[in-house]
Amino acid sequence: MNFPLYIAKRYLFSKSNNNAINIITGIASVGIIVGAMALFVVLSVFSGLRDFSLSFSNDFDPDLKVNPISGKSFFITAAQENQIKNIDGVASYSKVVEERVLFFFKGKEMVTYLKGVDANFTKTNILSKNNIFNGQWLKPNTYQVVLGYGISQKLSLGLFDFNNPFEVYVPRKGKGVIESEEEAFYKSSLIPVGIYAISEDLDSKYVFCDLALAQELLELKSNQISGVEIKLKPNTDEATVIEKLKTLFQNKIDIKNRAQQNATLYKMLNTENIAVYLIFTLVIVIALFNLIGALIMMVLDKKSNLKTLYNLGSEIKDLKEIFLLQGSLLSVLGGIFGLILGIIIVVVQQQFQLVMITDSLAYPVVFSIQNVLIVFATIVSLGVISSWIASSRVSKKLLD
């Protein structure tokens with residue numbers, strides 16, 4: 001057996017005659033275990049909150065969204081539609097038209113997005129199936145609309161209220177002096193038939209209508225749209241589909257996946273994740289000062305033994321390696337025990353939902369192998385650095 005490793009294991013698992021050293025070593029061990037456990041639990045909780053936050057946008061956003069590189073709309077031909085349909089990996093696609101317009105109901109007004117969707121939208125987006133809070137999804141080629149719960153609340157708007165028109169005002173295109181409201185806006189009465197509820201932001205963002213109605217209101221041609229939303233089949237190579245779409249549209253379109261569609265949200269969550277990791281890593285660094293102190297006291301306590309080993313022919317680097325290995329082993333074992341405790345806490349919360357946010361919503365946690373590896377690598381690397389600092393106290397001058 002490697003000589004420094006043999007001595008390091010003996011020092012690690014045997015008690016010192018100095019009780020103070022045993023207490024400090026115990027405190028250092030507990031600090032490593034608790035630090036590893038806390039870091040893993042916090043990362044798991046943040047992963048759960050991250051997935052919980054993204055679930056709202058993931059349910060609503062398409063796998064891929066095609067937008068024009070410049071301007072607000074582009075033309076799509078029937079041949080291009082057939083080619084999109086035949087691309088391997090595309091489950092469904094939907095043509096959409098989207099624009100900010102003014103809505104008016106019983107003296108209340110609101111500026112938000114009118115989104116025209118075709119009949120395929122229900123195959124591409126789960127909105128119509130799972131998130132209709134009240135009423136039903138709109139029928140094609142009608143003036144029916146489905147709006148968010150936030151819009152309904154702000155305008156005090158109910159469904160099928162034929163006595164009070166729900167009106168949309170769309171700015172007209174053109175030049176010259178505007179002399180009347182009719183010249184400034186294209187107005188139409190809409191029929192709310194459904195209210196969706198997804199999240200606070202999305203509920204106040206969209207009024208869905210038929211694609212043809214949106215094109216009519218926005219003075220667009222029948223083959224002029226502002227985007228194509230695409231749903232992919234499971235395990236589809238996203239990059240391959242994007243490349244085929246760019247070739248199809250001759251690189252005149254911009255294609256975004258879900259992460260790119262929510263770039264700000266993803267960036268914010270990743271930044272928070274890094275901040276949480278750094279804060280708890282700093283706590284572990286502070287806890288590892290105990291490990292440095294314990295190893296230095298161990299060096300001083302074992303000074304006579306080290307002197308004997310040195311006189312018997314051991315080199316200084318071997319004596320340093322003893323305490324480097326002792327501290328590293330302590331970090332590895334502490335990290336493993338801490339991770340086991342952390343995994344137990346996370347799995348218990350996942351299975352039994354002991355901590356609740358509301359009566360029906362458990363605090364979200366996610367067990368992730370990635371988090372296990374991050375915590376273990378952090379503990380071991382910081383433990384090795386701490387042990388190296390402490391072992392550097394062993395020198396020829398100390399043994400003289």
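**Close-up views of a predicted model**

**View 1. The pairing of strands E3 and E4.** Strand E3 and strand E4 (residues 108-117) run antiparallel and are joined by 10 bridges, where two strands count as paired if DSSP finds at least two bridges between them, and where strands (E, at least two residues) and helices (H or I, at least four) are DSSP runs numbered from the N terminus. This is a predicted model, in which local features need pLDDT of at least 70 and side-chain atom pairs count only at pLDDT 80 or more, while totals for chains, interfaces and linings use all residues. Residues are numbered from 1 along each chain as its sequence is written, and side-chain values use heavy atoms, with hydrogens and water left out. E3 and E4 form a hairpin with 2 residues between them, and Lys 106 in the turn has a positive phi of about 50°. Phe 105 stands opposite Lys 108 in E4. E4 is also joined to strand E9 (residues 206-210) by 5 bridges, the two running parallel, and Gly 116 has Cys 209 in E9 as its bridge partner.

**View 2. A network of salt bridges.** Lys 65, Glu 98, Lys 115 and Glu 229 are linked in a network of salt bridges, a salt bridge being a side-chain nitrogen of Lys or Arg within 4 Å of a carboxyl oxygen of Asp or Glu. The side chains of Lys 65 and Glu 229 meet at 3.9 Å, N to O, and this pair links distant parts of the chain, with Lys 65 in strand E1 (residues 64-68) and Glu 229 in strand E11, 164 residues apart. Lys 65 and Glu 229 are both buried, that is, under 20% relative accessible area, whereas exposed means over 50% and partly exposed in between (1.4 Å probe, protein chains only). Lys 115 forms a salt bridge with Glu 98, with 3.9 Å between the closest N and O atoms. Because Lys 115 lies in strand E4 and Glu 98 in strand E3, the pair ties together parts that are 17 residues apart in sequence.

**View 3. The two sides of helix H3.** Gln 80, Glu 81 and Ile 84 are buried in helix H3 (residues 78-86). They cover an arc of only 100° around the axis, which puts them on the same side of H3; the arc is that of the directions from the helix axis to the C-beta atoms. Ala 78 and Asn 86, on the other side of H3, are exposed.
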